[in-house]
Amino acid sequence: MFRKKVLLSTVFAISFLGYQKDIVAQTKSKVVKENLEEKFANVSPKLFTNNANPLLDFMFTADPTAVEYNGRIYVYGTNDHQQYEHVGKDGKNSYEHIHTLVMMSTDDMVNWTYHGLIDIAKLAPWTQNSWAPSITSRLEADGKTHFYLYYSNSGVGSAVLTSTSPVGPWTDPLGKNVVDRSIPGVDVDAPFDPGVLIDDQGTGWLTFGGGSPKTKYMPDNARIVKLGTDMISLASDVAKIPAPYFFEASDLNFINGTYVYTYNTNWEDRTEWPYSNIAKPTKCNISYMTSKTPLNPDSWKYQDNYFNNSGEENVGPWTNNHTHLFKFKEKYYITYHAMYLQDYFGTKGGFRNAGIEEMQVDEANVKIHMGKATFEGPSQLNPLNPFVLQQAETTGGTSGQVQFEAVGNVGNMVAKGKADKQCLMVRGADFSKQIPAKFEARVKGKGKIDVYVNNLKGTPLVSLESNGKEWTTISKKIKQKINKEVGNIYFVFEGENFLFDEWKFNY
């Protein structure tokens, strides 16, 4: 009887072990057979398409502005995602919950580093909301580059933050608006949507305006003022800019000794138009005017419209329009917003995203040629170097709704893992001269990273597993061979408490 019990126990143990092995085998088989390209097929307009727009595909951003610093272009925008998080996918983007601005940068126009948020509610608690930033910079007497970031304090005025770094920390130097209705000559309902410029003489200028129109054709709501040498005070009376069909989104450039004022036209029918040689601006587009003496209203001349509404180009539905024209590495670009991501987030609430297009500008004649919104966006200016330290928050596309959190130095973000797999992609990594022998990443927590080149098929090029409670850099040799070429790198990562900070290849 005893031998029979032992025998039965042995048989049961063998059977149970076999069952466990079968389960393990099935699990491994399931992991191996998971179709990652199918899993991530409809999560972003960028991940598998090589589209460059929107700049960030994991959150909503709008009203972009830009400034160059040390070979990078830094873009700042309204944080539509804060509104989305408050009202949900069935809610509306009515802007009242937005109290932060978004920061990002690039050196190649397709891979964008997300630098996190500027918490206006904390920095300037006296403000109501924070929308539509405009930024400029200048080398000051202390030998440092100072950044001056203006933003809409709701519709009541325009305020300013300063920093000696493009990613902060930021400070509120005034504790009040730079311009609002208390200042003589403002005389507009909404002295918001600031557009700042420092001209070639080092003089600062600020444009702004919006609100109820005086007439449909000439709303009389666009304003300009000279800034003091400190860039936070006013050095002139407020002057008018006679912008036809003006709505909002003032901006200012300086091209070949000429001040170029751009703005968003309104939604009114163009019943009145005095020009026979210039086409009527389409609804809610971007038009521009020029002047040599910006404080003289009569000096401003309407030139043309040069950027249609994104809805007119079938890049998402019709929306308001807000742009900034800038030059970077000898090319002109326009940054703007469109509703690129709404379908991917399952919402129709009016949430926007920043994009960029290359523009043609005739500097000699100060003429801006027509541009248009696209998903494709600009071409990559230079390949990404995978053999130097790169940030996990630098992406050319993601699996959508990926989350990041601020860790360490100001402007540094890390990717946060989930129980389910997520994906980060960088475009145009240059393996044409060197074949990688090792991959390393700085990580924290329990998780895993699988690295693929060019597609998500087959066995990963390399896999890293982490189980550390502290930040650590782990590495692994690469046994597979890859072609000498420029290609995209995909990082598939998972782990509920896993954090991914930076990575590089070694040869």
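**Reading a predicted chain: surface, sheet and rings**

The accessible surface of the chain comes to about 22,100 Å², and 49% of this area belongs to carbon and sulfur atoms; accessible areas come from the Shrake-Rupley method with a 1.4 Å probe, and for residues only the protein chains shown count as cover. This is a predicted model, in which local features need pLDDT of at least 70 and side-chain atom pairs count only at pLDDT 80 or more, while totals for chains, interfaces and linings use all residues. Residues are numbered from 1 along each chain as its sequence is written, and side-chain values use heavy atoms, with hydrogens and water left out.

Reader: What share of the residues of the chain count as buried?

Author: Buried means under 20% relative accessible area, exposed means over 50%, and partly exposed lies in between (1.4 Å probe, protein chains only). Of the 507 residues, 55% count as buried. The C-alpha trace spans about 110 × 45 × 45 Å along its principal axes.

Reader: How many helices and strands does the chain have?

Author: Helices (H or I, at least four residues) and strands (E, at least two) are DSSP runs, numbered from the N terminus. The chain has five helices and 31 strands.

Reader: In what order do the strands of the open sheet of five strands lie?

Author: Strands of a sheet pair through backbone hydrogen bonds, either parallel or antiparallel. Two strands count as paired if DSSP finds at least two bridges between them. Here the order is 1-2-3-4-23, and the pairing is antiparallel. Strand 1 (62-69) and strand 23 (394-395) are the edge strands, each pairing on one side only.

Reader: How many bridges join strand 1 to strand 2?

Author: Six bridges join strand 1 to strand 2 (residues 72-78), and the two run antiparallel. They form a hairpin with two residues between them, and Asn70 in the turn has a positive phi of about 50 degrees. Tyr69 has Arg72 in strand 2 as its bridge partner, and Glu68 has Ile73. Strand 2 also pairs with strand 3 in the antiparallel sense, over six bridges; there, Tyr76 has Met103 of strand 3 as its partner. Six of the seven residues of strand 2 are buried.

Reader: Against which elements do the buried residues of helix 3 pack?

Author: Contact means heavy atoms within 4.5 Å. The buried residues of helix 3 (residues 80-87) are Asp80, His81, Gln82, Gln83 and Tyr84. They pack against strand 1, strand 2, strand 3 (100-106) and helix 5 (342-345). Gly88, which follows helix 3, has a positive phi near 80 degrees.

Reader: How many of the seven residues of strand 19 are buried?

Author: Six of the seven residues of strand 19 (residues 353-359) are buried. Seven bridges join strand 18 (residues 331-338) to strand 19, and these strands run antiparallel. Tyr333 stands opposite Glu358 in strand 19.

Reader: How many aromatic pairs does the count come to?

Author: Rings of Phe, Tyr and Trp (its six-membered ring) pair if their centres lie within 6.5 Å; planes under 30 degrees apart count as stacked, over 60 as edge-to-face and the rest as tilted. By this rule there are 39 aromatic pairs. One of them is Tyr217 with Tyr245, edge-to-face at 5.4 Å centre to centre and 80 degrees between the planes. This pair links distant parts of the chain, 28 residues apart: Tyr217 is in the loop between strand 10 (204-209) and strand 11 (222-226), and Tyr245 is in the loop between strand 12 (239-240) and strand 13 (246-255). Tyr217 is buried, at 12% relative accessible area, and Tyr245 is buried at 0% relative accessibility.

Reader: Why is the pair of Trp273 and Tyr302 edge-to-face?

Author: The ring centres of Trp273 and Tyr302 are 5.2 Å apart and their planes stand at 85 degrees, so the pair is edge-to-face.

Reader: Which residue lies over the face of Tyr245?

Author: A charge sits over a ring if NZ of Lys or CZ of Arg is within 6 Å of the ring centre and within 35 degrees of the ring normal. Arg270 lies over the face of Tyr245, at 4.6 Å from the ring centre.

Reader: Is Asn320 buried or exposed?

Author: Asn320 counts as buried because its relative accessibility is 17%. Asn320 lies in the loop between strand 16 (301-307) and strand 17 (324-328).
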